[in-house]
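Trainee: Could you walk me through how to read a few features of a protein model?
Mentor: Gladly; have a look at it, and then ask away.

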Amino acid sequence: MWGKLFRWGVFLGLIGAACYWVVTRPTTLDLEQIAALAGDAEAGQIVFIAAGCASCHARESISGDEKLVLAGGQRFPSDFGTFVAPNISMDPDHGIGSWNQSDFLNAVVKGVSPTGKHYFPAFPYTSYNKMTLQDGAHLWAYMQTLSKSGAPSQPHEIAFPFSIRRNLGGWKFLFLSQDWVAAAPTPTLERGRYLVEALGHCAECHTPRNALGALDTARWMQGAPDPSGKGRVPGITPAILGWVEADIIEYLFSGFTPEFDTAGGHMANVIENTAQLPKEDREAIAAYLLALPN
């Protein structure tokens, strides 16, 4: 009897291990999807600004052109540990200068490294996966025009079992989706949705998360605890925000609220980015936010 139970245990264990291996395997883009893409650096600059790449990957407390040196080092605390932004400059040894376009697009939209490992979703590929591959190619073209940094990337400070990257394949299986959250029946709303849900990854801060760190889309943009443990990221649905279109557009340009307050913390970096976008994009973002359910 015990021998039979042992054999069944081994068999079920092997089945479970095989399922785990299949479910958690990193998946990448079809090379044919990438091969024909040619990026334009000028178009990529807009993608870079809208995606806020420098806001996370530049050194803290710097300004101007220095923010285009993507040396990494910023620390982002969370319930799972502290993530440290890596060097993504074009340095071939410490940055991503040895990558090709395929490596870059798989990292950005699939969350998979050139060595076939899952990235932690602190890197917002959970939003960037809605980015068009053409915009990804534009972004790659622009990234190659930026300065190099020889600063080594620092390791994340993540405790076991969250440090096991293979497990992220299961997390992706459960939670990673390319579905849009909000409807976009007009071209303006479609552009706003693309900027907010994909490039701008606004939900990553403004939407609550479940116990495993996935966005709770049922409470889309309703505000969330600040990952640092200090305060709360405000909700930005129409009923919570209480602003009109002109208020949102002005805030995205100057950082001034209707109450004569100013953006602070990480939002100041976001405003620095949105202020550089075409006015039509700020209008599209405002239209999207005002069309959200209360």
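We will go through the sheet, the salt bridges, the cysteines and a pocket in turn.

Trainee: What should I keep in mind about the model itself?
Mentor: This is a predicted model, where local features need pLDDT of at least 70, side-chain atom pairs count only at pLDDT 80 or more, and totals for chains, interfaces and linings use all residues. Residues are numbered from 1 along each chain as its sequence is written, and side-chain values use heavy atoms, with hydrogens and water left out.

Trainee: Let's start with the sheet. In what order do the three strands come, and what is the sense of the pairing?
Mentor: Strands of a sheet pair through backbone hydrogen bonds, either parallel or antiparallel. Helices (H or I, at least four residues) and strands (E, at least two) are DSSP runs, numbered from the N terminus, and two strands pair if DSSP finds at least two bridges between them. Here the open sheet has the order β1-β2-β3, with antiparallel pairing. β1 and β3 are the edge strands, each pairing on one side only.

Trainee: How many bridges join β1 to β2?
Mentor: Four bridges join β1 (residues 75–78) to β2 (residues 81–84), and a hairpin connects the two strands through two residues. Arg75 sits opposite Val84 of β2, while Ser78 has Gly81 as its bridge partner there.

Trainee: And how many bridges do β2 and β3 share?
Mentor: Two, again in the antiparallel sense. Gly81, the partner of Ser78, also stands opposite Ile158 in β3.

Trainee: On to salt bridges. How many does a search of the whole structure find?
Mentor: A salt bridge is a side-chain nitrogen of Lys or Arg within 4 Å of a carboxyl oxygen of Asp or Glu. The search finds five.

Trainee: Which residue forms a salt bridge with Glu272?
Mentor: Lys67 does, with the closest N and O atoms 3.3 Å apart. Glu272 belongs to helix α13 (residues 266–274), whereas Lys67 lies in the loop between α4 (53–57) and β1, 205 residues away. Glu272 is partly exposed at 38% relative accessible area, but Lys67 counts as buried at 11%. Another salt bridge joins the side chains of Arg219 and Asp216 at 2.7 Å, N to O. Arg219 is partly exposed at 38%, as is Asp216 at 22%.

Trainee: How many disulfides does the structure hold?
Mentor: A disulfide is a covalent bond between the sulfur atoms of two cysteines. The cut-off used here is a pair of cysteine sulfur atoms within 2.5 Å, and the structure has zero disulfides.

Trainee: Finally, which residues lie nearest the centre of the second largest pocket?
Mentor: On a 1 Å grid over the protein atoms alone, a pocket is an open set of points where a 1.4 Å probe fits, with protein on both sides within 12 Å along at least five of seven lines; lining residues have an atom within 4 Å of a point. Grid points are joined across faces, edges and corners, and a volume is the space filled by probe spheres set on the points. The second largest pocket holds about 380 Å³. Its lining has 21 residues, with Thr27, Val109, Lys110, Lys172 and Leu176 nearest the centre.

Trainee: Which element gives the most to that lining?
Mentor: α8 does, with three residues. The elements giving two or more are α1 (2–23), α5 (101–110) and α8 (168–175).

Methods. Buried < 20%, exposed > 50% of the residue type's maximum accessible area, 1.4 Å probe, protein only.
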